[in-house]
Amino acid sequence: CGVFGIFGRKDAAAIVALGLHALQHRGQEAAGIVSFDGSQFFVERHIGLISDNFTKPAVIERLHGSRAIGHTRYATAGGSGLRNVQPFFAELADGGFAIAHNGNLTNASTIQRTLQKQGSIFSSTSDTETILHLVATSKEKDTNARFIDGVRQLEGAFSLVALTNKKMIGCRDPLGIRPLVLGDLDGSYILASETCALDIIGARYVRDVKPGEMIVITDHGTESFFPFEPQSSRFCIFEYVYFARPDSSVEGHNVYEVRKRIGAQLALEHPVDADIVIPVPDSGTPAAIGFAQAAGIPFELGIIRNHYVGRTFIQPTDSIRHMGVKLKHNANRRSIEGKRVVLVDDSIVRGTTSQKIVQMVRDAGAKEVHMRIASPPTRAPCFYGVDTPSASKLLASRMTTEEMTDFIRANSLGFLSIEGLYRALDEAGRNNEAPQYCDACFTKDYPTRLTDQEGSENLR
Ligand code: 5GP
Ligand code: SF4
Ligand code: MG
């Protein structure tokens, strides 16, 4: 998901809509904005894209005030439907409280059951509503203390932006699994998932919100708290591989540069004699450029992507997902015919994309097709806000690389090593005692407890 908030600026909701538009890649299912005009809160939540719902003057005009937060949703927990669209809003004892969440909690169902036994009534199936209830039912006196009380009970990934009648609050989980940055637009503070959302409105990047930091923004400026036990950070390494936008920077790394280094590393690890390097666009493009440059093989846009279909992976049903691949990509026969092709994509999940694209490139007359994947085999589900399916549906959890090569009908298949991935991030390698990143979907090394999963099949 994507989150964005601005505090103390005319046309706040319109600015949030722009910020969310730049974060659209983080979730296309639904979006919402909550604003506050000094006395009242206004809420708009819609299924669909920002450009379909939040560019209408009527919608933006209903969102009065100079403070607003918003969310763009990628359903990973709780299913679709308007009741799960964020930000969530409730009138608490001391006023309105709105919250937007990127990430996924790993103990939300457990907390929810406890709260329900105590009489809490949930109106959604989203893990985020749990946070609202924890803040609402906290016995602490003021908003900050109640917020701290709430987030201390959470496990998993959370980058939060909340709005009350006095302040805007940002908070990252102690491991900093999902990104969150602080920006500034002519003296008004901004919180956003990625720096690309600051660029769109010409805001200045101030810094990343730190893992475990709670930042409180009021008319008097910002104040930071560190409510959690200090831990070394475990940022999601897959944000660098796929999720974040290439023009964003996280912790000083430009995502595009990282992806090119990933491609170069991949060329080093899995060299191949070939005539052209072709990306599976758009997710494979930066890595393919890095591969081509390092290998000295010409880069060609041999597959053209239709940009008017969303990310196939995010389509809700299996049958649409399968259809989506054909809707989305077409091979450019002229550049492929008779060639030995290196195809580069960011990841193999179910294997559907690779299988179809390899076939498409063969049908376009390729002599050989060598698949190169800019990440290690995806072997385990993500419980932190990326919609990786259960292990049984992950190709790499069922097959060896050799079997996968046959399955996608490639002449060869090579995945980036986990060490190579860390090297692309300027690390000497993975510190196995204290890994620098979350990489659980590749290593099964989950950095938090998975309370809701205890006794479930998902972990096998
Ligand atoms: P597959 O067809 O193997 O299931 O999916 C692989 C493709 O899905 C890749 O091209 C990748 O860019 C794309 N993709 C979209 N969203 C996600 C996601 O959340 N996780 C992963 N691993 N891949 C995704
Ligand atoms: Fe990111 Fe994978 Fe960890 Fe999920 S499991 S947070 S996708 S690295
Ligand atoms: Mg892709």
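## Helices H9 and H10

A crossing is left-handed if the near helix is turned anticlockwise from the far one by less than a right angle, and right-handed if clockwise. The crossing of H9 and H10 is right-handed. Helices here are DSSP runs of H or I with at least four residues, strands are runs of E with at least two, and both are numbered from the N terminus. This is a predicted model: local features need pLDDT of at least 70, side-chain atom pairs count only at pLDDT 80 or more, and totals for chains, interfaces and linings use all residues. Residues are numbered from 1 along each chain as its sequence is written, while chains are lettered from A and ligands numbered from 1 in the order in which they are written.

Helix H9 covers residues 255-269 and helix H10 residues 285-295; their axes come within 6 Å and cross at roughly 50°. Axes are lines fitted to C-alpha atoms, for helices over the stretch in contact, and angles run from 0 to 180 degrees between N-to-C directions. H9 and H10 are therefore oblique to each other.

Which residues in H9 meet H10? Among them are Tyr 256, Arg 259, Lys 260, Arg 261 and Ile 262. On the H10 side, the list includes Pro 286, Ile 289, Phe 291 and Gln 293. Contact means that the C-beta atoms of two residues, placed from the backbone, lie within 7 Å. By class, the contact has 13 nonpolar, three polar and three charged residues. Ala, Val, Leu, Ile, Met, Phe, Trp, Tyr, Cys and Pro count as nonpolar, Asp, Glu, Lys and Arg as charged, and the others, Gly among them, as polar.

## Helices H4 and H5

Helix H4 spans residues 108-117 and helix H5 residues 128-137. Their axes come within 9 Å and cross at roughly 45°. That makes H4 oblique to H5. The crossing is left-handed.

H4 brings Ala 108, Ile 111, Gln 112 and Leu 115 to the contact. H5 answers with Thr 130, His 133 and Leu 134. The contact has four nonpolar, three polar and no charged residues.

## The six-stranded sheet

An open sheet of six strands runs in the order E5-E6-E7-E8-E12-E13, with antiparallel pairing. Strands pair if DSSP finds at least two bridges between them. Strand E5 (88-92) and strand E13 (221-225) stand at the edges with a single partner strand each, so one side of each has no neighbour in the sheet. Neighbouring strands are turned by 20° against each other on average, direction ignored.

Strand E7 (residues 159-164) and strand E8 (residues 168-172) pair in the antiparallel sense over five bridges. Ser 159 has Arg 172 in E8 as its bridge partner. Two helices lie across this sheet. Helix H6 (residues 143-151) lies across E7, E8, strand E12 (214-218) and E13, at about 155° to E12.

Strand E9 (residues 181-185) is joined to strand E10 (residues 188-192) by five bridges, and the two run antiparallel. Leu 185 stands opposite Ser 188 in E10. E9 and E10 form a hairpin with two residues between them. In the turn, Asp 186 has a positive phi of about 45°.

E9 also runs antiparallel to strand E11 (residues 204-208), joined by four bridges. The bridge partner of Val 181 in E11 is Asp 208.

## The four-stranded sheet

A further open sheet has four strands in the order E17-E20-E21-E22, with parallel pairing. The edge strands are E17 (276-279) and E22 (412-415), each pairing on one side only. Neighbouring strands are turned by 20° against each other on average, direction ignored.

E17 pairs with strand E20 (residues 340-345) in the parallel sense over four bridges. Ile 278 has Leu 343 in E20 as its bridge partner. Helix H13 (residues 352-363) packs on the sheet, touching E20 and strand E21 (368-373), and its direction makes about 155° with that of E20. Helix H15 (residues 401-408) lies across E21 and E22, running at about 130° to E22.

## Around ligand 2

The shell around ligand 2 includes Ile 177, Phe 238, Tyr 384, Val 386 and Asp 439. Cys 236, Cys 382, Cys 438 and Cys 441 are also among its residues. A residue is near a molecule or strand if its C-beta atom, placed from the backbone, lies within 6 Å of it.

Helix H8 (237-243) and helix H17 (440-443) each supply at least two residues of the shell. By class, the shell has ten nonpolar, no polar and one charged residues.

Definitions and conventions
Angles under 35 degrees count as roughly parallel, over 145 as roughly antiparallel, 65 to 115 as roughly perpendicular and the rest as oblique.
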